Amino acid sequence: MQPLSAEQTMTTRWNRKDLLGLRELSAGEINLVLETADAFKQVGTREIKKVPALRGKTLVNFFVEPSTRTRTSFELAALRLSADIINISAEASSLTKGETLKDTARNLEALHADILVIRHSSAGAPQFLAERVSSSVINAGDGAHEHPTQGLLDVYTIRERRGRIEGLNVAIVGDILFSRVARSNIFALTKLGARVTLVGPSTLVPREFEKFGVTVSHDLESVLPQADVVNLLRIQHERQRNEYFPGLGEYIRLFGLTRERAKLLKPDCLIMHPGPINRGVEIDSELADGAQSVILDQVTNGLAVRMAVLYLCGGIAA
Ligand code: CP
């Protein structure tokens with residue numbers, strides 16, 4: 001898909017109450033989120049960092065899977081937009097007493113929740129809810145399906161550092177098969193004109209991903225010298241049902257970004273990771289904290305991107 005021109009982007013209107021994935025978004029809609037995030041990042045530099053955009057609205061942060069970055073980031077984003085916020089975890093909800101997800105969501109809606117941010121281990125859970133409640137539903141990661149705000153904050157960070165996405169070589173390395181982050185990145189990056197290469201063992205990076213317009217490689221060292229961005233992903237043990245490689249030592253030997261292997265990178269190649277990091281596995285600990293790493297910028301940018309998403313979807317919600 002060809003990226004939209006600046007003129008086309010400027011005429012794009014947001015017309016979605018929900019953000020379920022990036023697959024269904026146009027390049028214009030993605031650019032609109034990034035430009036809205038630019039404005040909110042600017043707000044974050046002011047002495048008073050709060051704006052009244054969602055005053056009077058209530059956001060429920062409903063996390064059925066663990067999270068550090070995404071949950072906190074959505075909470076802070078909602079507070080900066082002056083929304084009221086409630087955090088619910090699976091353990092503290094009546095899901096543990098057998099209540100269905102649909103009933104839980106409808107009860108939250110009956111309490112006038114305007115925006116429901118949901119993380120769930122089942123792919124499709126956010127869509128299931130979005131079709132059944134009038135509240136705005138934002139996907140904060142569903143199974144191995146999508147993690148749209150992570151994909152958006154990743155392209156935002158690349159665009160901020162490199163000034164563009166179009167024409168860049170982006171390598172996504174690791175457990176692609178079970179990664180919702182990989183899928184959201186693939187959709188956003190290809191729509192904005194990047195060349196994406198997926199790298200990892202053939203069991204975790206099957207050729208069928210080529211249908212998304214990306215290149216598949218099982219040879220990290222041949223990919224690193226051309227990369228403008230390397231995005232490392234952790235092994236998603238919680239979603240794997242089988243052994244996909246002989247052992248961690250073997251994985252590190254072939255696919256870990258070690259200090260030796262990092263010498264193959266261009267000096268200005270960005271090193272990214274969505275977190276949580278398994279230091280010494282997918283990435284060497286020093287590299288994670290080194291000059292090429294933008295891992296904490298990703299976290300910082302997540303706040304502005306999530307403010308943009310809440311602002312855009314919250315403005316559409318009934
Ligand atoms: N990147 C990410 O989703 O991190 P958390 O699981 O901590 O939210």
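A pocket is an open set of grid points with protein on both sides within 12 Å along at least five of seven lines. In this predicted model, the space taken by the ligand is the largest pocket.

**The ligand and its surroundings**

- The residues around the ligand are S67, T68, R69, T70, R119, H147, Q150, P274 and G275.
- By type, this shell consists of six polar residues, two charged ones and one nonpolar one.
- The side chain of S67 places an N or O atom 2.6 Å from an oxygen atom of the ligand.
- H147 has a polar side-chain atom 2.9 Å from an oxygen atom of the ligand.
- P274 takes part through its backbone: an N or O atom there is 2.8 Å from a nitrogen atom of the ligand.
- On its own the ligand has 250 Å² of accessible area, and the protein covers 91% of this.

**Overall fold**

- The protein contains twelve helices and nine strands.
- The C-alpha trace spans about 55 × 50 × 35 Å along its principal axes.
- The radius of gyration is 19 Å, which agrees with a compact globule, because a globule of 318 residues would have a value near 20 Å.

**Backbone details**

- Most peptide bonds are trans, and most residues other than glycine have a negative phi.
- The peptide bond from G275 to P276 is cis, and its omega is near -5°.
- P276 belongs to the loop between strand 9 (270–272) and helix 11 (285–288).
- S82 is not a glycine, yet its phi is positive, at about 70°.
- The loop that holds S82 runs between helix 3 (69–80) and strand 2 (84–89).

How values were computed: Residues are numbered from 1 along each chain as its sequence is written. This is a predicted model: local features need pLDDT of at least 70, side-chain atom pairs count only at pLDDT 80 or more; totals for chains, interfaces and linings use all residues. Side-chain values use heavy atoms; hydrogens and water are left out. A residue is near a molecule or strand if one of its heavy atoms lies within 4 Å of it. A polar contact is a pair of N or O atoms within 3.5 Å; within protein, one must be able to donate a hydrogen and the other to accept it, and residues adjacent in sequence count only if both atoms are side-chain atoms. Accessible areas come from the Shrake-Rupley method with a 1.4 Å probe; for residues, only the protein chains shown count as cover. On a 1 Å grid over the protein atoms alone, a cavity is a set of points where a 1.4 Å probe fits but cannot get out, and a pocket is an open set with protein on both sides within 12 Å along at least five of seven lines; lining residues have an atom within 4 Å of a point. A molecule sits in a cavity or pocket if more than half of its atoms lie within 2 Å of its grid points. Ala, Val, Leu, Ile, Met, Phe, Trp, Tyr, Cys and Pro count as nonpolar, Asp, Glu, Lys and Arg as charged, and the others, Gly among them, as polar. Helices (H or I, at least four residues) and strands (E, at least two) are DSSP runs, numbered from the N terminus. The radius of gyration is taken over C-alpha atoms; the globule rule is 2.2 Å times the number of residues to the power 0.38.
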